[in-house]
Amino acid sequence: MTKQNNKYPGFDFTVVDIETTGLEPEYNDIIEIGACKFRNNQKVDEFQSFINIGGKLPPNIITLTGITDDNLSGAPSEKIVLKGFQDFVGSDTLCFHNAYFDLKFLNVHLQNAGLRLLFNDYFDTLQIARIFTPHIKSHSLEKMCEYFDIRNESAHRADSDAMATGQLFIKLIEFVCDNVELDIISQIESISSEIDFNANFTEFIKKLRNFLTKTSLQRQRDKESEKFVFFPKNNFVPSVKSGYSLPKIFRDEEILVHFTEGGSFDENFEKYEFRQGQIDMVSWITEAYQNGKTLLIEAGTGVGKSFAYLVPSVIYSKFAKQKIIVSTNTKNLQEQLFYKDIPTIQAVTQIGFSAALLKGRNNYLCLRKWHNIMGNPKKYLSDYERKHLLRLIIWTNHTKTGDIEENHSFHRGRSSLWSKIASDGTACHGRNCPYYDECFTIRIRRNADESNIVVINHSLLVSDAVTENSVLGEYDHLVIDEAHNLPQVSARQFGFSLSVMDILTLTKNILTTGEFQYGISKNIKVNAVKSVMPDNKKQKLKSLADDLAAPLDNLEANAKEFFTELDRIVIENGSYGKLRFTNLALFKSLKSTIDSINEALALLYKRASLILGMLEKYNEQNFPNYEENVSDLQGVQDLIEELQAKFQNLFAADFDNYAYWLETQDKEINTKYLPRLNIVCAPINVDEDLFEFFWSKLETCVLTSATLAIREKFKFYKNMTGLDRFEPENLMEFIASSPFDYDKQIEVLIPKFLPEPRDKYYAPQALSLIKEILDVHVRGTLALFTSYKDLHHAYDSLADSTMENDVTLLAQGKTGSRNSILNTFRQEENSVLLGTKSFWEGVDVKGKSLEILILFRLPFLVPTEPIVEATLDYLKKEGKNSFMEYTLPLSLLSFKQGFGRLIRNKTDKGVVIILDTRTVKKRYGKYFLKVLPKEPKIVDSDLALVDHITNWFDKSKQ
C-alpha cells in the first residue's frame, strides 16, 4: 500500500470477506473468513481462518476457491472462528463487497452458534461502485479490481478478497473526489438521506462532500488532467469531409476497388486477406441495388459479410441520396457494426458518410419526466425506487445518448422506476416540451433521418412497420443481418403481450397516491384553480378530474387479482414458466373480474373525453399548461384504446392462426410483489405479414446470415418468411464460398456405439465418454446441450475429474453469467464450457481456447414451447408432415449454427464430436450429415474415438 495522500479523506474501517459452500446461509457452510483493519486508509492488522465443516467440499467450490478438504480438516470449529472474528472486528465500521450476502450469511451462522449478531455500521463497495461507476460493465470484485489495477492474486480466497476490497474502497474514494462534481455529490447525499438506505453510505457521502467543499479551490488549481469522460460513445457518426469522389455510375468496379489487391483495405490492414466469397457477395449486393431486387445471401464465418454489405450500402446511399436501414438481431452485432466496422470503413475508404444507432423509444430517458421527478423525488417515488434512482444520477449528468443500456448499474426490469422516466409516445409533449431541443429521442431520430446508414435491431424494425413507420420514417432500402432470427422476432412483434404493468402504467399516469399525489387528474385540478374560468366551470372541471380518478383503485385491484390468478395457474400447470391455452376455459372463473376491468377502461375513456371536450372550449391563454394537459389526456386515451384492443383480441381469440400462452418469471406466488406474468399472442405464420409490411414495399432488401439455406436451397426460409411470393426474376439467391479449408481444419467424429438419446443408458454412457475424452485431451472444449437437465448432469459428472486434472469447468447457469464464463473460456486455453441454447449461436472463440466441440443431442425444437406446439397443430390440421416441413428444417439450421462455433478463422483447427447417433441410425440423420462441410468418420469404440482425436491433432501439427 502507498502512503495515504492528503488529497483524499481518510477512513477507519475493517474489511470482511467470507468463502462459503453455496448461496443459502440456512443450508450452506462458511469455510473461510478473512478481515483487514484499515486506519486512515492504511492496513494495520489482519485476520484469517479456515473453518472445519466436518465433511467434504463440493468439487465446484474447490475449483472456484482453491480451498481443499486438507485445508479444513485441521481448522478450528465454526464457533471458535466466529468468536475470534467477533473479537477482531469489535465495534469497527465494517466494509464488504456485497454486504447483503456476507452479513446475512454471518448473522445466520452467528445465531446458530449462539453468538451476538453483527449490527456494526458498514460500507459496501458494491453499492458505492454501482452509484459512482455506472460506466463499468461489471461491478464484481474481480472486474472492479481489474478496472482500478488492483492485484488480487488469490481471488475467491477470503483474506485476499478482503484486502482487495479494502484497496477498492480507497480507489473509489479517490475516483469520486477526482471525477464527480460537488453538486452531484450533494444531490446523491440529499436523496440517500431521505430513504431507508445504508446509513453509513450517507455519512460516507457527507464526509466526501465536506472534504471537497474545503479543498475545492486547491483541487481546481492542482488538477492538470482533462475531465474524465464517463460515457464517451455517441449514437451518431457525422459525415466528415474527405478526398473521396463519388462515382458517376454505381457499379461493381467502383466498389470492388476497396476489396481487391492494392485497394483501400489491402493498404490499411497489415494482414488483409483476399476472400473470393466476400468479393462475390459485394457484386451480388451491388447488383441488387442496381436493379432494385431482393437478395437472399448465405455467408458463413470468415467471409467478412458486414464489410461486404456496408461498403456497397454506403456508396449507394451517397449515390441515390437515400438512407439504408441495417437491422441485426443481437446487441453484440449491432454494436460491432456501429462502433467498430462503420468507423473503420470511414477511416479506410475515406468515404464521407453519416450513421446513426437507433433504438426503440423506451430505451431513452425523458428529460421532462426526469426533471419533474428530481424536483421532488420523495413526492413521486417510493423508497425502493429512490434507491435505484441513485444509480442514475451520474449517468443522467454525463450521457450523450440517453440510452439506458449504457448504464451498467441500472436494470430496468428490477424496478418500476424506468417506466416513470422513460421516453413514451403517449406522454410526449412534442414541441411544447421545455426540453424539446435537448430531447434524446428527438435528437437521434433527427440524426437518423439525415444519415446514410441507420443501425437498428429486428424488434424495432418489425414494431415500427406495424406502427406505420412512426420511428424510422419512409425508407426503400433494407439490409437484414442475422436474418435467420427474423421469423421468431416477427412473431412476437406482430402479436401482442399484456401484463399488470400495462394497466398500472395507465392508472399511475392518471393519479399516483401516497404521501403526495401527482398525475394527470391532480394536474387538471391544480390548473383549473389557476385558470381564468368562471368558478362554476372550475368546480365542474375539478369534479370531472375527481371522477376520472374514481375508478382507479378498483381497476388496480381487479388487475392484480386477474394477473395473480393467471400467475398461479401457470406456476402450477406450466412447463418452464409457460402455459399455452387453446380455448378460453381458464378465464371462466375470472369473468366478473374481466368485466370489471373492461367497464373501468370504458368509463375512464369516457371521462377523459369529457375533460378534453371541456378544455377545448378554452384557449391556452385561459388555462395554464393547456397543451400539456391536452397532450396528457390524449395519451391516456391512446393507452386505454391499446388495452381495450388487446383484451378484445384475447377474448375473440383466433386459435386457428395464432398461438396464445401465459409466461411468468415467478417461481411461486408472493403477494408482496406484482405478478411477473404476461399474456402473449403471436401469429403461427408470419409470411403474409412480412410480405405485406416489407417485401412488397421495399425497392431493395438484402437478407444475410450464416444459416439460411438447407442443402444449398433457400426453399424453407422463403416459405417461412413469404419470400416465396416473389416472381423468380425479382428474388436473387446466392451462397458465398467459405474461406476455410475444412478438410484440413476439422475432423468430424460420430461414436456409433452409443445408444440413441431416448435410451435410458444414453446419458450415462455419453457423459462417461465425454469424461474419457477430457481426461486424455486437455484442450479448450465446448459442449453444447439442448436442455439444462442434461447440462446439470454433465456438470455433476465432470466436476471431480476436471478438478483432478486442474481444468476449469464452466457451466451456463451454474458458474457465472454468460459473458463472464465466455470471457474465462477465452482466457484459459484448456477450460471446458457447458452451454445450452444461447451458446449454439453468437459465440466467437478463436484459437486454442476452442479445439474440441461436442454436440450432445441434435437440436430439435422443444415440442411444449407454445409457438412450436401451435405450429405443429396447425400443420397437422393442414394435412402436412410437420416433422419434415417444420421441425427438421429448423433443427438443421440450429445444427449448422452449433457446428459453426468451432472454426472462426483460417488458423483454427479442431474436432467436432456428434454424440447423437440418430445421425447414422435414423433415416432423417442423412439430412444432418449433408449440411456438414466435411464427411464424418464413424467410430466403433471409445478407445478408437480417443485415439482418433490424438492422431488427428498430431497430424494437424505437421
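This is a predicted model: local features need pLDDT of at least 70, side-chain atom pairs count only at pLDDT 80 or more; totals for chains, interfaces and linings use all residues.
Beyond its neighbours within four places in sequence, Phe-132 is in contact with Phe-175, Val-176, Val-180, Ile-188, Phe-201, Ile-205, Phe-230 and Ile-394. In soluble globular proteins, nonpolar side chains tend to be buried together.

Strand β7 (residues 294-298) is mostly covered, with five of its five residues buried. Thr-294, Leu-296 and Glu-298 point one way from the strand, while Leu-295 and Ile-297 point the other way.

Helix α35 (residues 866-877) has 12 residues and spans 17 Å from its first C-alpha to its last, close to the expected 16 Å. Its buried residues are Pro-866, Val-868, Ala-870, Thr-871, Tyr-874 and Leu-875. An α-helix has 3.6 residues a turn, so residues three or four places apart point the same way. The buried residues of α35 pack against β13 (578-580), β14 (658-664) and α36 (882-899). After the helix comes Gly-879, with a positive phi near 75°.

Helix α28 (residues 626-650) contains Asp-632. Is this residue buried or exposed? Asp-632 has a relative accessible area of 15% and is therefore buried, the cut-off being under 20%. Not counting residues up to four places away in sequence, Asp-632 touches Ala-427, His-429 and Ile-520. Asp-502 is 130 residues from Asp-632 in sequence, and their C-alpha atoms are 17 Å apart in space.

Charged pairs form the last topic. Side chains of opposite charge can pair when their charged atoms come close. The whole structure holds 45 salt bridges. In one of them, Glu-181 pairs with Lys-227, with the closest N and O atoms 3.2 Å apart. This pair links distant parts of the chain, 46 residues apart: Glu-181 is in the loop between α7 and α8 (182-193), and Lys-227 is in the loop between α9 (199-222) and β6 (236-237). Glu-181 is partly exposed at 22% relative accessible area, whereas Lys-227 is exposed at 60%.

Arg-386 forms a salt bridge with Glu-194, the closest N and O atoms being 3.8 Å apart. Because Arg-386 lies in helix α17 (residues 383-389) and Glu-194 in the loop between α8 and α9, the pair ties together parts 192 residues apart in sequence. Arg-386 is buried at 4% relative accessibility, and Glu-194 is partly exposed at 42%.

In the salt bridge between Lys-934 and Glu-747, the closest N and O atoms are 3.3 Å apart. Lys-934 is in the loop between α38 (925-930) and β24 (937-939), and Glu-747 is in strand β18 (residues 746-751), 187 residues away. Lys-934 is buried at 12% relative accessible area, and Glu-747 is buried at 4%. Finally, Lys-331, Lys-359, Asp-403, Glu-405 and Arg-412 are linked in a network of salt bridges.

How values were computed: Residues are numbered from 1 along each chain as its sequence is written. Side-chain values use heavy atoms; hydrogens and water are left out. Helices (H or I, at least four residues) and strands (E, at least two) are DSSP runs, numbered from the N terminus. The expected span of a helix is 1.5 Å times one less than its number of residues. Buried means under 20% relative accessible area, exposed over 50%, partly exposed in between (1.4 Å probe, protein chains only). Contact means heavy atoms within 4.5 Å. A salt bridge is a side-chain nitrogen of Lys or Arg within 4 Å of a carboxyl oxygen of Asp or Glu.
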